[in-house]
Amino acid sequence: MAYHIKTVEGNQRLSTQELLQEIYSAMDNGERDFLIDACGQHDIGGPLWSPEGELKFTVRNPGQRVGSMAMEGTTIIVEGTASADTGWLNAGAEIIVKGDSGDTTGHCAASGKIYIGGRAGTRTGSLMKFDPAHSAPEMWILKNTGSFSFEFMGGGAAVVCGVDCEEFDSVLGDRACVGMVGGTVYFRGPAYGIDNVTSRTLELDDKDIEFLKNGFPGFLAKIGREDVLEQLLDMSQWRKVVAVSYEERSKSKPKVKSINEFRSMDWVPGGIFGDIFKDDGKIVGMVNRADGRLRVPEWLNALFMAPCEAACHAGIPSQTRFNLLREGREEEAYKLILEYTPFPGSVCGSVCPNLCMEACTRCMVDVAANIKGLGRQSAFVSVDMPQISSEKRIAVVGAGVGGLSAAWLLRLRGCDVTVFDKDDNIGGKLANAVSRERLDTAVLNAEVDRLMNSGINFVLDTYVNKDKLAELRRDYDYVILATGAYMPKLPPWEGKERISPYLDFLKQVNAGKRPDIGKKVVVIGCGNSGMDVIFGAYACGAEHVTAIDIQEPAAFKDEIQHAKNLGAKLQWPAFTDKITDKGVLLKDGSLLEADTVFCCIGEAPVLDDLLPGAETNRGYLKTGENYLIDERLYAIGDMTQLGLLVAAIGAGREVALRIVAEIRGEVYAAKPRIKIPHERLSLGYFSAVDVTDFEDEPESDHQRCISCGTCRDCEMCLKSCPEHAISRVVDEKNGTYEYVSDPDLCIGCGICSGVCPCGIWTMRDDPTPE
């Protein structure tokens with residue numbers, strides 16, 4: 001039984017030296033087999049020697065240099081990943097890492113064998129060597145290595161298997177085998193950047209194939225991956241790198257490169273010695289300032305959209321909200337989103353797929369900033385509405401999210417707005433069709449009340465047909481159509497008349513009614529609407545609910561899981577043949593029994609009563625440029641194309657701003673939707689953190705927001721400028737600030753651009769003012 005050492009007891013941790021002393025003491029008592037629960041201690045497993053010749057260490061969570069200088073007769077097994085310098089100066093031990101291994105794995109290894117069950121980091125195998133008095137070192141790696149692997153290799157054999165490396169362009173990283181003078185590197189898969197001055201790439205010979213085939217079974221057994229043996233035995237995928245002999249090298253003299261050739265061909269962009277700012281390599285005879293500079297810095301704050309803003313159909317600048325929170329301006333932060341949508345809690349914070357969070361740069365560090373939670377913070381915020389300042393009157397037909405967004409934005413700018421809707425409530429599908437499993441009633445009611453109390457005029461229970469539309473166009477200066485799409489799409493199945501209208505069903509459920517739908521329900525369509533019907537069906541007493549689709553369900557993962565938790569069965573691909581009095585008959589002949597069948601595969605707008613003869617595209621109203629269908633007549637939302645709620649919000653906002661600009665005699669200018677290039681950001685300043693607190697307190701997540709494209713006022717440029725040319729200038733009148741570079745001090749070095757985490761500073765090549 002292994003001698004078990006726990007390096008952490010309570011809040012006490014053994015130091016590396018204390019752990020070593022305990023191992024020595026146990027060895028003196030005859031222990032040779034150790035199980036060590038480490039906590040980052042260094043050098044576990046070496047250099048130790050036993051007169052009996054056998055030592056074994058099974059290690060969890062080791063620190064650097066596990067197996068460093070470990071000696072022959074020692075076996076070290078790392079359960080999981082290992083840190084940097086695994087097997088450094090290995091002197092004969094067998095080292096098995098069952099996960100990834102860090103940088104400089106096997107560095108200077110002189111003997112023994114190292115087996116890696118995952119990837120190995122940068123400079124793996126560098127300076128491996130061979131002493132003829134001992135067996136040559138071997139290193140076997142299941143997947144791939146980082147760059148600069150096996151540089152200055154002098155002996156031994158390394159095997160890089162390239163398993164699960166389809167996403168990598170090179171299984172050896174970049175610039176492998178630089179300065180190689182001996183040994184062999186076998187690799188499987190693509191590789192580029194291998195040094196061709198001191199090494200060369202060759203096909204395998206019979207001895208190579210024999211060495212690999214003999215070694216694979218033992219290696220794979222030790223790391224527990226015998227399942228990949230067959231793919232590794234395809235020798236056509238293997239090649240090897242060997243050193244160019246001294247005689248071959250001496251025959252050719254390398255060409256002397258210019259500085260520019262070296263920079264363009266050999267310099268590693270982003271490397272440890274790389275430039276902070278890319279340079280064209282021109283030589284300047286002296287340091288220049290003012291008009292003599294070749295490059296001039298510009299503080300281009302908010303020129304680019306953050307990825308979250310660019311991904312949002314409504315263009316909500318979440319990075320600006322987080323910046324306001326960082327400055328302690330909470331009220332402004334929560335109100336800012338109301339300049340873009342009247343539904344921050346119901347849509348952004350509840351039912352939206354949050355494309356903003358999918359695009360968030362923070363995902364490259366840990367997880368996205370909690371933009372969804374921040375939306376809910378604005379659900380109950382109130383705003384003071386301005387007095388009506390224009391004589392122009394605007395009618396909005398349709399009180400769904402698109403129409404209400406247009407009306408809200410117009411009212412915020414002092415316009416006289418009236419909304420017409422056929423229902424007796426406002427909110428459209430958001431209020432009537434979205435399940436309360438996904439949307440909290442209190443949040444929706446708060447945002448509906450905010451709209452009802454905003455000064456917008458509402459005319460409900462009013463159906464607008466072509467005659468009513470003509471009347472509105474006479475009585476109002478502008479009309480916005482946002483009537484949505486409410487006619488279910490039904491393929492020409494036999495028995496389709498037996499299908500129940502799901503929108504009517506959801507409306508009844510959301511109104512607190514419980515219609516009788518029986519015990520067995522079939523839902524055709526596994527989108528979010530289908531999930532809403534499932535939730536409603538169970539709320540109405542259904543016991544067996546089956547949802548089918550011809551493809552993988554498109555609903556959000558959380559909604560699918562919730563449906564399954566309720567007991568629903570999701571079946572796909574399933575193709576409907578016809579609807580019978582017993583249920584849904586599928587093309588494969590099977591019958592899904594049902595008391596009620598719903599079909600949720602989309603809706604089309606009803607246009608004949610409103611716009612007879614209007615031009616359509618696959619059933620949806622076709623609009624001209626800028627949502628216009630006639631002079632001062634706009635159309636937005638699902639009546640033009642089915643889409644996300646946030647897309648309707650964005651369209652409503654744009655139309656409202658276009659109308660306001662026209663009323664004021666201005667030219668509407670949309671903000672260019674140019675997303676900040678990723679390479680402008682410096683993510684090295686940000687590290688992964690525990691996000692548990694931010695889930696419940698999204699207002700605190702400003703600490704993690706990178707503020708892509710918008711200055712986060714970190715003063716990094718101010719503190720880094722070597723010439724002290726940058727100053728922070730505050731406008732006391734409006735409370736804003738900007739960073740300014742003094743041309744008489746600035747030398748155009750570009751450090752401000754290089755160190756800016758948010759990509760604000762930009763170097764302009766032509767210093768001549770335009």
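Close-up 1. Strand S32 (residues 726–731) and strand S33 (residues 736–741) pair in the antiparallel sense over 6 bridges, where helices (H or I, at least four residues) and strands (E, at least two) are DSSP runs numbered from the N terminus, and two strands pair if DSSP finds at least two bridges between them. Aspartate 731 stands opposite threonine 736 of S33, and in this hairpin, with 4 residues between the strands, glycine 735 takes a positive phi near 75°. The model is predicted, so that local features need pLDDT of at least 70 and side-chain atom pairs count only at pLDDT 80 or more, while totals for chains, interfaces and linings use all residues. Residues are numbered from 1 along each chain as its sequence is written, and side-chain values use heavy atoms, with hydrogens and water left out.

**Close-up 2. The largest nonpolar core and the surroundings of leucine 451.** The largest nonpolar core has 70 residues, of which Leu410, Leu430, Leu451, Ile480 and Ile659 touch the most other members; such a core is a set of buried Ala, Val, Leu, Ile, Met, Phe, Trp, Tyr and Cys residues joined through side-chain atoms within 4.5 Å. Apart from this core lies another, of 44 residues, among them Leu48, Val66, Ala120 and Phe150. Leaving aside neighbours within four places in sequence, leucine 451 is in contact (heavy atoms within 4.5 Å) with Pro342, Phe343, Leu404, Trp408, Ile426, Ile456 and Phe458. In soluble globular proteins, nonpolar side chains tend to be buried together.

**Close-up 3. Leucine 325 in helix H7.** Leucine 325 has its place in helix H7 (residues 318–326) and is buried, because its relative accessible area is 6%; buried means under 20% relative accessible area, exposed over 50%, and partly exposed in between (1.4 Å probe, protein chains only). Beyond the neighbours within four places in sequence, leucine 325 is in contact with Glu330, Ala333, Tyr334, Leu374, Glu699 and His702. Leucine 325 and glutamine 703 are 378 residues apart in sequence, yet 9.2 Å apart in space from C-alpha to C-alpha.

**Close-up 4. Salt bridges between separate parts of the sequence.** The whole structure holds 33 salt bridges, each defined as a side-chain nitrogen of Lys or Arg within 4 Å of a carboxyl oxygen of Asp or Glu. The side chains of aspartate 205 and lysine 240 meet in one of them (3.6 Å, N to O). Aspartate 205 lies in the loop between strand S12 (199–202) and helix H2 (206–223) and lysine 240 in strand S13 (residues 238–243), so this pair ties together parts that are 35 residues apart in sequence. Aspartate 205 is partly exposed at 35% relative accessible area, whereas lysine 240, at 10%, counts as buried. In another salt bridge, the side chains of arginine 764 and glutamate 298 meet at 3.0 Å, N to O; arginine 764 lies in strand S34 (residues 761–764) and glutamate 298 in strand S14 (residues 296–299), so that parts 466 residues apart in sequence are tied together.

Close-up 5. The side chains of arginine 329 and glutamate 332 meet in a salt bridge (2.8 Å, N to O), in which arginine 329 is partly exposed at 30% relative accessibility and glutamate 332 is partly exposed at 40%. Arg362, Asp366, Asp701 and Arg704 are linked in a network of salt bridges.
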